[in-house]
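Hi everyone, thanks for coming.

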Number of protein chains: 2
Amino acid sequence: MTVITSKDNPSVKLYMKLSSSKKERRNSGLYVLEGFRLIEDAVNEKALLKQLFFTEDAYEKYSDELSQVDLKEVKILIISNELGIKISCTEKPQGVFAICEMPPARSLEKEIIKSGKYVVLHGLQDPGNLGMIIRTADAVGMDGVILSESCELYSPKVIRSTMGSAFRMKIFETRDTDELFSCLEANGIKSYAAVIDKDAVDLRTITFDGGCAVFIGNEGNGLPPEVASRCTVKATIRMSGHINSLNAAMATGIFMWEMSGSSIH
Amino acid sequence: MTVITSKDNPSVKLYMKLSSSKKERRNSGLYVLEGFRLIEDAVNEKALLKQLFFTEDAYEKYSDELSQVDLKEVKILIISNELGIKISCTEKPQGVFAICEMPPARSLEKEIIKSGKYVVLHGLQDPGNLGMIIRTADAVGMDGVILSESCELYSPKVIRSTMGSAFRMKIFETRDTDELFSCLEANGIKSYAAVIDKDAVDLRTITFDGGCAVFIGNEGNGLPPEVASRCTVKATIRMSGHINSLNAAMATGIFMWEMSGSSIH
């Protein structure tokens, strides 16, 4: 068993580039995963693993469990424990890393469900928020998350904070707001702008019948007025406390909870 | 104007100790704040500021705004920009720091409201989660947050992530679960254990009339069975997706949203 100790190994080099550079990810169509559970989830949800790295210690620790995961022809490299610490992005490295291929981009036009519940993230910037929203969307059973000029799905922090939901949720990306509205309208899907505005409709009074999509804006600035005004309804979470008191992920979670509840009741 | 450049200055030393050590905070009854808005919030909400630090740049930048804040007799020290970077805990330091005195501990027995809505955090460990829960509790208008064997309120990360809500919310601490249940029962407050359990009552079907308190457990392990079973009702968020798909802060936010909605409707 050869143990790689150098950062100059081409595979290790590729991993580190993909881990730190959005441009590298975009150009190659590859992204990285770290941690045994996350990689196990990825395999179970048919993510396209290209390469696995284990530190010596991790290989010993996980080899039993590993034999139960269907890895087909994934190449496994063993790296030294020291190198594992160097390439890790987490505080407590498990010593398990992977390079994956991004799946082909989904087409909202082809996959959209007329009675579906969607969340559109327009200009969302914080990776932790995006991860938490995808995770919650999975939990409450949304039909899709649509990224519109938001932060990158395949950044390691986003993928990690989705806790595996990134592999399960239907995630669409769009750069064209006109096309997005056309597609929603053509399918009879009502759009709701989540805004902080005392004249907007109180979320608690809305019944989300049929297909609907809620638009969430940027953490600091909210939705641009031209996007909010194209939505069918402007909706707001009435707050008892301070106006600054809901973060974007929490507000989105509450909207999704209300939307998904309508179809369950 | 004397500019402090050394970490050995007694006030700077105290700030750094309070910033990094829970023990130091507990023994002294002091804690730290970083960032202009947070400190402004603290002042407006009557937090007990003892000492302010500005870097030279920050003092120039904020001096106009500062003159509008009622600082009474708070001592202000000017530190060098370099020292500001050294003592900061954030990625983009603003160069504004404070030492505050903790307020006296609140007594739940004395302040409890019979028709109040409370959240009890039992064994919650993540500072980011605690901060987000306090912030959300403020937004939806809860009557109090009760910390029971949870992480420390005054850690810089918790205080920062509450975005000022830590100064507005009524926060109680208890180490005695028996006493807590007795106090709730004596005031006719119904207790709800938030659990992941298919036999528990579906949160969507519950009407939270009158006084109620929801118990939230540890991120990894949930509520201990002996605590859950003492609650009036076991309640659960039915998930469409993966069981691992809600983080503790989000689940708590959804519970609080449902509880606070009952009194508004």
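Predicted model: local features only at pLDDT ≥ 70, side-chain atom pairs only at ≥ 80, totals over all residues.

Residues are numbered from 1 along each chain as its sequence is written, and chains are lettered from A and ligands numbered from 1 in the order in which they are written.

Okay, the sheet. In chain A we have an open sheet of five strands, ordered β1-β4-β3-β5-β2, and the pairing is mixed. At its edges stand β1 (3-4) and β2 (30-34) of chain A, each with a single partner strand, so one side of each has no neighbour in the sheet. Helices (H or I, at least four residues) and strands (E, at least two) here are DSSP runs, numbered from the N terminus, and two strands pair if DSSP finds at least two bridges between them.

Now look at β3 (residues 48-55) and β4 (residues 75-79) of chain A: they pair in the parallel sense, over five bridges. A:L52 sits opposite A:I76 in β4(A).

On to the domains. Chain A splits into domain 1 (3-101) and domain 2 (108-264), with bounds that come from an automatic or database domain assignment. Their C-alpha centres lie 32 Å apart. How many residues of domain 1 of chain A are in contact with domain 2 of chain A? It's 13, and they meet nine residues of domain 2 of chain A; contact means C-beta atoms, placed from the backbone, within 7 Å. On the domain 1 side, α2 (22-28), β2 and α3 (36-44) of chain A each supply at least two residues, and β2(A) gives the most, with four.

Let's stay with α3(A). A:L38, A:I39, A:D41, A:A42 and A:V43 in that helix are buried. By that I mean 20 or more other C-beta atoms within 10 Å of a residue's own, while exposed is 12 or fewer and partly exposed is in between, again with C-beta atoms placed from the backbone. Their cover includes β2, β3, β5, α8 (156-161) and α9 (165-168) of chain A.

Last stop: A:K46, in the loop between α3 and β3 of chain A. A:K46 has a positive phi of about 65° although it is not a glycine. Buried or exposed? A:K46 is exposed, with 10 other C-beta atoms within 10 Å.

Technical notes: Contact = placed C-beta atoms within 7 Å.
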